[in-house]
Amino acid sequence: PLYLPRPWTEFIGGPRNPAMDGELGTVLKTYREVRHGASREWFDEMWPRVKKLMQHIMDDYDTQGDGVIRGEQPNTYDISIYGPNTFIGSLYLAALRAAEEMARLQGEDEMAQRYRERFELGSQNYDALCWNGEYYVQIVDMEQYTEQQFGAGCHMDQLLGQWWAHTLDLGYVFPEEHVKTAVQNIFNFNRREGFSKADQRPRIYMDERDKGLYICTWPHGGKPEVPTQYSDEVWSGLEYPVAGLLLFEDKIEPALTMLADVRERHNGTRRSPWNEVECGDHYVRPMASWALLEAAAGYQYDAIQGSLAFAPRVAPEDFRSFFITGSGWGTFSQRVTNGAQEEILALAYGSLTVTSLHFRPQGTVQSATVTVDDRSVSAALSQAGDEIILTLAEPVTLYAGQTLTITLSSN
């Protein structure tokens with residue numbers, strides 16, 4: 001906080017301009033809070049600031065108006081990178097989509113369309129510029145920018161904006177097949193089983209007993225003499241978003257392998273389970289682990305629409321997890337037996353209002369029943385792709401101690 005004393009009085013290095021991943025992340029976090037049930041007053045207060053920030057990015061960074069940022073891109077690696085890259089680029093595209101959705105909620109359809117058109121241009125152009133057939137690279141003049149770039153490297157943050165987009169139900173920012181291929185190759189190219197001290201710079205976090213993913217590797221050569229800061233380190237705070245994206249893409253085995261790596265490293269024998277050190281103690285990036293719960297459960301909640309979705313990706317035949325909204329929390333469970341699929345929402349605290357329920361069935365569904373405790377609730381059944389939608393005749397509000405049960409039947 002700016003009102004507290006500074007621990008230093010001199011500039012300590014790094015970019016002097018604001019970090020773009022932080023700026024774009026602020027737009028995404030704003031939309032996250034809107035979806036989770038932030039008040040209309042709060043949203044109305046934040047919205048002009050979101051528009052001002054997006055205008056700044058679109059005018060001052062996306063200077064060609066084609067959805068691609070090419071100039072200086074300060075970021076939280078304590079450096080600036082240059083040229084088209086999908087670390088900053090995917091965050092920009094996700095922020096454009098989030099801004100579009102917020103503009104529509106505010107009734108500003110022309111602004112929403114502007115964001116949408118810029119997103120579509122950027123999605124197409126980034127993919128054409130940065131896709132190398134295996135993953136997304138940085139297009140940069142290495143003779144002009146000789147240090148702190150990653151060029152042909154396979155960077156763990158190349159799909160960070162896609163991870164955000166999936167958590168916010170914004171769809172794909174790049175072609176689906178390219179996303180699936182790239183996230184698999186981040187796992188394939190960056191994971192190691194054992195680390196030497198000589199191969200970790202500037203800080204050493206791993207040893208020969210550890211498994212994990214380097215921040216950036218160069219599987220086909222071309223590593224710069226002075227690469228992007230921290231490329232040769234291992235951070236759980238970056239492993240969690242990659243594992244989460246693997247879950248979102250239904251790549252369960254590599255996702256669970258990554259999570260087993262992290263938990264084994266922090267199992268209490270050599271490192272604390274409650275303090276995943278990166279830059280310092282209790283560092284914030286590992287809090288990205290929260291999205292793993294939502295990805296595993298296929299959880300999405302839109303408080304504005306009253307829409308609640310679950311599509312378990314891990315053990316869908318017998319699944320149980322915690323869930324939380326802005327107004328209440330409880331447990332969700334799914335059981336599949338003898339052609340029937342049962343979904344149970346048990347609210348433990350607060351309240352939860354739903355208008356529609358969305359599930360991914362494990363088989364054919366012909367009928368559905370909905371009850372709150374022992375009371376039957378009328379609902380219309382429809383299907384969109386692989387998703388079953390139950391639209392309630394009237395919104396239902398659950399209170400602590402109540403249970404909502406849905407039975408999906410194949411007959």
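This is a predicted model: local features need pLDDT of at least 70, side-chain atom pairs count only at pLDDT 80 or more; totals for chains, interfaces and linings use all residues.
Lys and Arg are counted here as positive and Asp and Glu as negative, while His and the chain ends are left out of the count. On that basis the protein chain carries 35 positive and 57 negative side chains, and the centres of these two sets lie 4 Å apart.

**Overall fold and dimensions**
- The protein chain contains 9 helices and 18 strands.
- Its radius of gyration is 23 Å, close to the 22 Å that the globule rule gives for 411 residues, so the chain is as compact as a globular protein of that length.
- Taken along the principal axes, the box filled by the C-alpha atoms of the protein chain is roughly 70 × 55 × 50 Å.

**Burial, surface and contacts**
- Of the 411 residues in the protein chain, 50% count as buried, and the chain exposes about 18900 Å², of which carbon and sulfur atoms supply 50%.
- When contacts in the protein chain between residues at least 6 apart in sequence are considered, 64% of them join residues at least 24 apart.

**The β16–β17 hairpin**
- Strand β16, spanning residues 379-384, pairs with strand β17, spanning residues 387-399, in the antiparallel sense over 6 bridges.
- Within this pairing, S382 stands opposite I389 in β17.
- The two strands, β16 and β17, form a hairpin with 2 residues between them, and G385 in the turn has a positive phi of about 65°.
- In a regular strand, side chains alternate between the two faces of the sheet.

Note on methods: Residues are numbered from 1 along each chain as its sequence is written. Side-chain values use heavy atoms; hydrogens and water are left out. Helices (H or I, at least four residues) and strands (E, at least two) are DSSP runs, numbered from the N terminus. The radius of gyration is taken over C-alpha atoms; the globule rule is 2.2 Å times the number of residues to the power 0.38. Buried means under 20% relative accessible area, exposed over 50%, partly exposed in between (1.4 Å probe, protein chains only). Contact means heavy atoms within 4.5 Å. Accessible areas come from the Shrake-Rupley method with a 1.4 Å probe; for residues, only the protein chains shown count as cover. The place of a charge is taken as NZ of Lys, CZ of Arg, CG of Asp or CD of Glu. Two strands pair if DSSP finds at least two bridges between them.
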